[in-house]
Structure formats: C-alpha cells, structure tokens
Amino acid sequence: MNALAMGRALLGRELHTAARTRSYYLLGLAIGGILLGLTLGGGGAATGYIPTVVDLLLPLELLVPVVAIAIGYRAIPSDLDRGELAMLDTYAVSPATYVGAVYLGRAVVLSAIIGGALLIVGLLVALTAAPDTGVFATHSGVDSPILFGRFLVVTLLFGYTLLAVVLAASVGVATTRTAIVGAIGAVVVVAVGGEAAILLGVLDGIFGETTLTAVLGLVPNSAYRGLVFETVVGVLSASASGYASPVVSVGGLFLWTVGSLGLTVGLLRWRSG
Amino acid sequence: MSDANTTDHTDTTDATDTTDHTDTTDHTDTTDATDTTAETAHASSDAARSPVLSTAGLTKTYENHSVFEGVDIDIAAGAMTAVIGPNGTGKTTLLKTLLGHIEPTAGSVSYNGPDVDRPMGYLPQEPAFRPQFTAAETIDFYASLVDSAVDTDALLAEVNLSDARDRRVAALSGGMRRLLAVAQAVVGDPPVVCCDEPASGLDPSMAQRVFGSLAGRADDGMAVIVTSHTLSLVETYADHVVILHDGGVAATGSPVGLCERFDAADLWDVYATVVEPTAADASPAPSADSGGES
C-alpha cells in the first residue's frame, strides 16, 4: 500500500475522531461566542469589517494559540500511550505519513473552529454594517468583505503554524499528561519569547528600522500581526503600511510550520526507537 | 536462519508436537552450540518447520543493565512459540526487538518470511484504541492499511466480539479491548504475529479462547509468538517454549520435551526447576498456573 493511501486512511481516522469529540463542538461554541461578543461589544460590527478586524486582532492572538493547543496537544501522545503507534508501525506507516495525516486532520478541526467563528462574525458584519462595506472590488480606501476574507485566511495560517509547534512540543515530552505543559510552554516561548527577544534587540540597538521589518516576520505572532496590518488594515491607508514585510512574514510562518513538522517526525522516529 | 547453514536436524523423537506440519524444509539453525540440550529439543520440535524469524546473538543493554545477552532463537512458521520467564527478564523487550521497535545493542533479527505489506502483527501488553471508534470501525481502520481484503465480522467473531461490533471502544471492558487488539494483530494475515501477554486481564474461558484462536492461526501457517505467565495455557497450546532467565535463554523446547528433559510433571515444574531450582526442590508445584499474567 502506498503512502498516499495510508495517509488518506489516517486522515479519515483523524476526522472521524474529531467528528465524535464533543469537546471540540464545545470549544467551537465557546470561540464563536467570544468572538461574537467581542464584535458586538466593540461596536465594530456596525461600523464595518476593518473595525471588526481591529477589535478581534489582539483577542485572536490569544485565542488561536488556545485552540491550537486544545486540539493538538494530545493527538500524538495519546496514540503513543495507547500503543497504537507501535501497532501502526507493523502496517509500515512511516512517521512522516502519520504526522502529516494527524496535522492535516487537526488543521481541518482548527479551520472549522476558527474559520467557522470568523465566518459567523463576517456574516454579522454584512448584516449590520454600513452600506459601503458591500463593495467587493475597488482601489484602496474602501472597507470590503474581501479584506475580512484575507483576515480569515491569515488567521488560519497563524493557527496552522502554532498547531505544528504544538505537535512538535507534545511529542518532545514523555506522556500525554505532560504534553499540555510542553505545548503551552512551546507556544509561550515561541510567541512571547520571540517578541521579547525582538524588543530587547530593538532596545539594545541590534535591530534597525530595516532589519526590524524582516525580523518581525520570523516570530509567528509578529508575522501574523504584520500580515494583518499589511494586507487588511493597511489597505485602507497607504501610510499605515510598512510595518512588516508580507513576504518575510509568510515565509516565517511557513518555516515555523515545516520546521516544526520536521522536528515532530524526527522526535517520533527517535521515540519509536 | 540462513540458507548457508547446512545443519540437518534429523532428531524426531519429540512426541509433543502434535500439530500437522507438512512442511519438510530442513531446519537451519544457528543457536548457541553451548546449549546442546536445549538445541536438541528445539531442533526436534521444529524439525519440520522453516524459521520465519531468527535471531543471532541478540543482546539488549540499557546503560549498565543487561536485559538479555546472546539470544539465538528461531521462530518457526505454523507454530506457536511461547516466551516465558520471571518479570523483568526481557520478554517484552525481546518481542519489541523482534518487531524492530527496539534496536538491539548487538546481534541481529532476520525475517525470512514472504514479502508482504505487513510481515508482522503486534498485540502490545496494554493495548488501547481511539475511544470514539466502535469495535468494527477500529478493525475497519486497520484493515484499510493493508492491501488484502479483511472480513471484519469474521475477525470479530473469532475473538467473540460480534455482539460488541457497534459498541464504542470507550464502552468496552479491558478484556474486550484486549480481544479487539488480538483481532487487530492478525489483520491482513501477517506471517508473524507477536502477542505480549494476550490473556492478561481475561477470564479463564476467554483466555483459553484467545490462545485457541492464536493456535488456530498457527495451524494455518502463521508464526505466533506469545509472552505469557499463564503456564497452563502455554502448556496446552504452545508448540515451542523459550524460558528466559538470568539474561538469556535458560531452556527451550516443546512443553512435553521440556518435561521429559527435566523429569518434570508439568511445565510449572520445569519453570520452577529452571528459574528457581531451590524452590522446586523444596515444594511441590502449586498448580499449572503461575498466578496469572502481570
């Protein structure tokens, strides 16, 4: 049996598991409720998509990691603890195929939770915001659902990156019980630690204005924020752009994702002996 | 183990081997020549069988602690091989080394069976599955990982889980999960199946059923390797016994062959003589069972 067919079977297993996990539905409801509450409470919904994005940006920098940790930290350690990985090994399932399928499956769950909640928020804005937000294509300066769509896509990219980091951290620790600690620790180190390092670099004069734009793209949270500013908020005003390099930010998120998944595969090989 | 070995085992005195073996391939063996008694028993037991799995000088050491050293065993196709021994003698480690899940410190494991997509099945010591799946869905998932067609209902019936086919794994008892794991281990009919204490946690009749089922698989040509503490089941169903003790193979042979060699009433007697010689001298065997699996 080829790796693609095995990957498909494993992906189906992940989706089947997710579909029958009640806590994921509760998590989705909670995230949806929080985002709707923030949208309504912040008044952004009545004003337009961009004000809503501004209202939600900071909360999502916290909520996306929470969702990534919640759906990712147990995925692989549980299979290890149950002995299922040892059983799967007898079916010649490679660590790369397994990790890829688990990641894709959990990414679908993350998309459903975060993407679903943001779609509902977008629908709310469409129903309640000022009339000019219905413009789909124009030059800069006009709020649009397209901009909100970009925000959704960028937010999911941020989530996919953190999910990969969580998977790597969860395999690096010994058991399912300690996986939550490893996952939280890794996200805190990557997000908070990365930004703190940049801040110290700026204070110490290590990063100048030019290098800062690039360096910000190398830390997931900064890259996410930079992408939102450059591709969503900054579109309204030319003077608002230049915060970060979109190319470096996308590259940074990609490198974190691929690097973390590669690390996960390596750690799994090492743990499997 | 290898075709280069021309040792021809002609000893056929083993009366214990009642399985119908039609394979007359010469047994090729490289077992440590120092254990000639064990070797003879081993050879006679497996004279008509070809080894599908062989180890040569298999050694596993963790830091300064040696689990086993220089283990040479041949696992015959169409037979059940039971690995017994006190706790901590490396039975599970040996199984995992055979499976390739643990790298040996020295020595090698050779698989000489057919080239199939799943050469070895595995039943871990404490098996578990995703609780969201039903028993049938679990087997269906594992069946989707092999090329050959798998009859899920037949497999579940074999382990007496037909009535639980639509029950979620979370709702199965520990024993039922083990039965499900037994079914999983033979998905795709691998030439070798390694079962780590398959009867652990099962009631006596179910334990007997599991051993009977695995013995049936062996009769069909599968090489079944089990670790067990339930000596009565081993004595009844195993074609070949490997006793691990003191970091190596202390004795090996068919159950009756071992009883004859050690002048013992049953396998428990043999076990006590090999593992605890003083205990064997001092007291009669309490039963054929060493007290269940741990």
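The exercises below concern chain B of a predicted model and its contact with chain A.

**Exercise 1. Describe the make-up of chain B.**

Solution. Start with the secondary structure: chain B holds ten helices and ten strands. Next take burial: of its 294 residues, 51% are buried. Then look at contacts between residues at least 6 apart in sequence: 71% of these join residues at least 24 apart.

**Exercise 2. Work out the strand order of the open six-stranded sheet in chain B, and find its edges.**

Solution. Step one is the order, which reads β6-β7-β8-β4-β9-β10 in chain B, with mixed pairing. Step two is the edges: β6 and β10 (248–253) of chain B each pair on one side only. Step three is the angle between neighbouring strands, which averages 15° when direction is ignored.

**Exercise 3. Examine the pairing of β7 with β8 in chain B.**

Solution. Locate the strands: β7 covers residues 192–196 of chain B and β8 covers residues 223–227. The two run parallel and are joined by five bridges.

**Exercise 4. Check the length of helix α6 of chain B, then study its surroundings.**

Solution. Helix α6 of chain B has 16 residues (204–219). The expected span is 1.5 Å times one less than the number of residues. For α6 of chain B this gives 22 Å, and because its end C-alpha atoms are 22 Å apart, the two values agree.

Now list the buried residues of α6(B): Ala207(B), Val210(B), Phe211(B), Ser213(B), Leu214(B), Ala215(B), Arg217(B) and Ala218(B). The elements covering them include three strands to look for, β4 (79–84), β7 and β8 of chain B. Helices α4 (152–158), α5 and α7 (231–237) of chain B are also among the covering elements. Finally, look past the helix: α6(B) is followed by Gly221(B), which has a positive phi near 115°.

**Exercise 5. How many residues does each chain give to the contact between chains A and B, and what kinds does chain B supply?**

Solution. Count by chain: 23 residues come from chain B and 20 residues from chain A. On the side of chain B that touches chain A, strand β6 (residues 120–123) gives the most, with three residues. Sorted by kind, the residues on that side of chain B are twelve nonpolar, five polar and six charged.

Terms used. Residues are numbered from 1 along each chain as its sequence is written. Chains are lettered from A and ligands numbered from 1 in the order in which they are written. This is a predicted model: local features need pLDDT of at least 70, side-chain atom pairs count only at pLDDT 80 or more; totals for chains, interfaces and linings use all residues. Two residues are in contact if their C-beta atoms, placed from the backbone, lie within 7 Å. Helices (H or I, at least four residues) and strands (E, at least two) are DSSP runs, numbered from the N terminus. Ala, Val, Leu, Ile, Met, Phe, Trp, Tyr, Cys and Pro count as nonpolar, Asp, Glu, Lys and Arg as charged, and the others, Gly among them, as polar. Two strands pair if DSSP finds at least two bridges between them. Axes are lines fitted to C-alpha atoms, for helices over the stretch in contact, and angles run from 0 to 180 degrees between N-to-C directions. A residue is buried if 20 or more other C-beta atoms lie within 10 Å of its own, exposed if 12 or fewer, and partly exposed in between; C-beta atoms are placed from the backbone.
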